[in-house]
Amino acid sequence: MFKNLFSPGKIGTLEVKNRVVKPGQHMFTADRKGFVTPLQLKLYARWAQGGSGLIIVEMAAIDFKGSMELPMQLIVAGDEYIPGLSELARAIKENGARAALQLSHGGGCKMGQPAYAPSAMSYVNIMGTPQDAQELTIPEIEEIIEAYGQAAGRTKKAGFDMVEVHMAHGYLPAAFFSPRTNIRTDRYGGSLENRLRFPVEVLQSVRNHVGKDFPISCRISGTEYEEKGTTLVDSIKLAQALEQGGADVLSVSAGGATSHYKIFITQYFPRAYNVYLAEAIKKSGGIRIPIICNGGITTPELAEEILAAGKADYIALGRPLWADPDWPRKAQEGRSQEIRPCIRGNIACTGAAALQSGGIHCSVNPEFRFEYKETLDIVAKPRNVAIIGGGPAGLEAARVAAIKGHKVTLYEKRDVLGGNLFEDSVPQFRSEKRRLLSYFENEVKRLGVTVKHEEATTDAIVKGGFDAVISATGCKRTRPKIRGADKPFVIDFVEALQGKMKGENIVIAATDYETRCIDIALYANEQGKKATLLFPLETRKDLTEAIASGEAASVAQSIMEILPQIRNIDVQLSVKLLEITDRGVVIEKEGKKQTLSADTVVLVPEFTANDDLARALEKRRLEVHKVGDCVEPMRFFRNAIHEGHLAARQL
Ligand SMILES: Cc1cc2nc3c(=O)[nH]c(=O)nc-3n(C[C@H](O)[C@H](O)[C@H](O)COP(=O)(O)OP(=O)(O)OC[C@H]3O[C@@H](n4cnc5c(N)ncnc54)[C@H](O)[C@@H]3O)c2cc1C
Ligand SMILES: Cc1cc2nc3c(=O)[nH]c(=O)nc-3n(C[C@H](O)[C@H](O)[C@H](O)COP(=O)(O)O)c2cc1C
Ligand code: SF4
């Protein structure tokens, strides 16, 4: 099974046991001075235990003068960092994987000042804050090139098997190569040859410090997806120059300083979205060194297909290994259906709230950051546990309680599992959500949870003789108080996903939950219908901002890229919904009243926590734990899954 994925490979002199690579991902987990922390040792050891062949440690700053992009980033700018980095390399290698460290200079993308770039210009950092970057002088450039080399030397000394130079994503080497950000007129700017000079000299400096046989990877963007930015044609030239300059492997990512959302591809774009770039570079002729591809490759089947088709030599899995570090091991053992899938929602790993608090996490994997002291051991005295509600909160609780050896009965009143996850995974573009639902369905079956498709009542639970109850009953929906909301062709956005959008002409009154409403429009479009989205936005006129206020910025940017391209979706801003009549929707726009015809009108329901049963059970003196939307309605899968997990751990 997965013959190509689990065949050994060679990068320069380095033998790698399989084709799974963990790419660098900054996690805000170094200490404030850039030293390795115990949490990092655990995280990287865990990835190695999961079976990845090669683990590339997140970007480390190469100097103290402006290379560090983000807080709590690793630093490799002085010998004092070598002992910590040695421990990190050892933690990876002792657990069976090869270890590499990524060297980085954030250039104009870094947060705060001083920010240096090939040319003085305005940049936007990862938090979306505009900032100015200063032009580097030639002596400063030479100093930075030497700093890369010295950092590489320390990487080797620390015991890593390979070093990777970050030349992608708009960082300094990429900025020198990009005609958009490099408008210099000296030997480092202008012609292609001059724009190649900085990345190639960095590579040479690294080679000089690590010697002939030490493997070097260069991470590049196959395209920057930016106006005037680097294109695939340019990147092929860069790839050739780097191979000639002595690189042993190329890792092909995508995205530039203003298009970071094209790096960690959201569910609004297909899986493996950026693999065509790796393939084009690999097949461009003249490239003989191996190629690592990346970007939204979520399943082992897809990874195997890419390798079998010769599109790349290695598969980098970023977020999928957050969702499940055992992805490689499970795939190799023929247990793919047990892999907990990354849903590419980005809310916990790149969302603004997560970044601001420094607490980035994974929505579907509550154990990602090792917050829990105890492992999920079998309990000495199994308890009889009722879990009420088969949505994400109840399913995770059932999974964890069953692993701990409790006798678990899961009540779900519908004839399907998943709660809102069921409806949410209906549209075609929600395939990752469907995988999450299948994962949960498989887990409860595999772990011997008794599933009762019936409505749990106070009497039934009391009579059931349960020692503890986890209430995961979600929330209730009611129609908003709009005149005409009771008409037969008016439905809410959950019903829209239940096949109740009739006719061709769908009007969606997006009064709240903007992203959910846009999803309905996309679903209507999938079904060949025409959708009109009415946004009130009296106060927040900017739709990107409105979406981003509840989601990761990458989700907002993805939506804003695809939405205008869909002919059958009409977006109207600053609209006031007055009433629904038999002729359609009466609105006010720019002071004028008008009627829009509609076959189906979709409204945003009002949500309230569904906690009546939990309260009734508490009154009967049962041990009740409330989790998910029955605590507070319409939060995120993250809240539901994490709360379900924690409650079951505590049993
Ligand atoms: C259309 C839609 C799209 C969404 N998209 C996203 C998204 O993309 N990302 C995100 O993070 N969040 C999203 N959400 C929010 C997310 O779905 C919820 O936060 C999450 O589902 C809450 O999980 P839960 O298990 O607490 O409740 P639910 O998913 O509501 O599950 C509760 C379950 O309990 C069952 N139940 C209730 N009472 C009883 C009873 N007495 N006996 C037996 N069973 C009972 C219900 O039938 C239901 O299946 C979306 C929500 C909706 C409505
Ligand atoms: C939180 C986060 C941090 C990242 N940090 C880095 C980094 O330090 N260096 C890098 O080259 N890429 C970084 N990336 C990009 C990833 O390496 C990878 O290309 C991206 O997650 C897409 O792969 P995936 O779809 O498998 O997750 C980061 C991505 C995420 C989500
Ligand atoms: S938070 Fe979401 S997108 Fe990020 S790794 Fe976890 S499942 Fe994937």
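**Core packing, ligand shells and local backbone features**

Isoleucine 387 is in contact with Gly394, Ala397, Ala398, Val408, Leu410, Tyr411, Ile470 and Ala472, neighbours within four places in sequence being left aside. The model is a predicted one. Ile387 also belongs to the largest nonpolar core, which has 203 residues. The members of this core that touch the most other members are Val76, Tyr148, Ile315, Ile387, Ala397 and Ile508.

Ala397, a contact of isoleucine 387, is one of the buried residues of α13. This helix has 12 residues, and the distance from its first C-alpha to its last is 17 Å, close to the 16 Å expected at 1.5 Å a residue. Because 11 of its 12 residues are buried, α13 is largely enclosed by the rest of the structure. The buried positions are Pro392, Ala393, Gly394, Leu395, Glu396, Ala397, Ala398, Arg399, Val400, Ala401 and Ala402. Their packing partners are the strands β15 (384-388), β16 (407-411) and β18 (468-471), together with the helices α14, α15 (431-446) and α22. Just after α13, glycine 405 adopts a positive phi of about 95°.

The domain assignment divides the chain into domain 1 (9-357), domain 2 (384-476 + 608-649) and domain 3 (480-604). Between domain 1 and domain 3, the centres taken over C-alpha atoms are separated by 40 Å. The contact between these two domains involves 12 residues from domain 1 and 9 residues from domain 3. On the domain 1 side, the residues touching domain 3 comprise 6 nonpolar, 6 polar and no charged residues.

For ligand 3, the shell holds 13 residues, and Arg319, Cys342, Ala348, Cys349 and Cys362 come nearest. Two or more residues are contributed by each of α9 (319-323) and α11 (347-350). The largest share, 3 residues, is that of α9. The shell around ligand 3 divides into 8 nonpolar, 3 polar and 2 charged residues.

Several backbone features fall in loops. The peptide bond from glutamine 113 to proline 114 is cis, with omega near 0°. Proline 114 is located in the loop between β6 (98-104) and β7 (116-117). Methionine 72, which is not a glycine, has a positive phi near 55° and lies in the loop between β4 and β5 (74-75). This methionine 72 counts as partly exposed because it has 16 C-beta neighbours inside 10 Å. Tyrosine 513, likewise a residue other than glycine, has a positive phi near 45°. The loop between β21 (505-509) and α18 (514-526) contains tyrosine 513. With 16 other C-beta atoms within 10 Å, tyrosine 513 is therefore partly exposed.

Glycine 499 is placed in the loop between α17 and β21. It has 9 C-beta neighbours inside 10 Å and so counts as exposed. From glycine 499 to histidine 645 the separation is 146 residues in sequence and 32 Å in space, C-alpha to C-alpha.

Technical notes
Residues are numbered from 1 along each chain as its sequence is written. Chains are lettered from A and ligands numbered from 1 in the order in which they are written. This is a predicted model: local features need pLDDT of at least 70, side-chain atom pairs count only at pLDDT 80 or more; totals for chains, interfaces and linings use all residues. A residue is near a molecule or strand if its C-beta atom, placed from the backbone, lies within 6 Å of it. Helices (H or I, at least four residues) and strands (E, at least two) are DSSP runs, numbered from the N terminus. Ala, Val, Leu, Ile, Met, Phe, Trp, Tyr, Cys and Pro count as nonpolar, Asp, Glu, Lys and Arg as charged, and the others, Gly among them, as polar. Domain bounds come from an automatic or database domain assignment. Two residues are in contact if their C-beta atoms, placed from the backbone, lie within 7 Å. The expected span of a helix is 1.5 Å times one less than its number of residues. A residue is buried if 20 or more other C-beta atoms lie within 10 Å of its own, exposed if 12 or fewer, and partly exposed in between; C-beta atoms are placed from the backbone. A nonpolar core is a set of buried Ala, Val, Leu, Ile, Met, Phe, Trp, Tyr and Cys residues joined through C-beta atoms within 7 Å.
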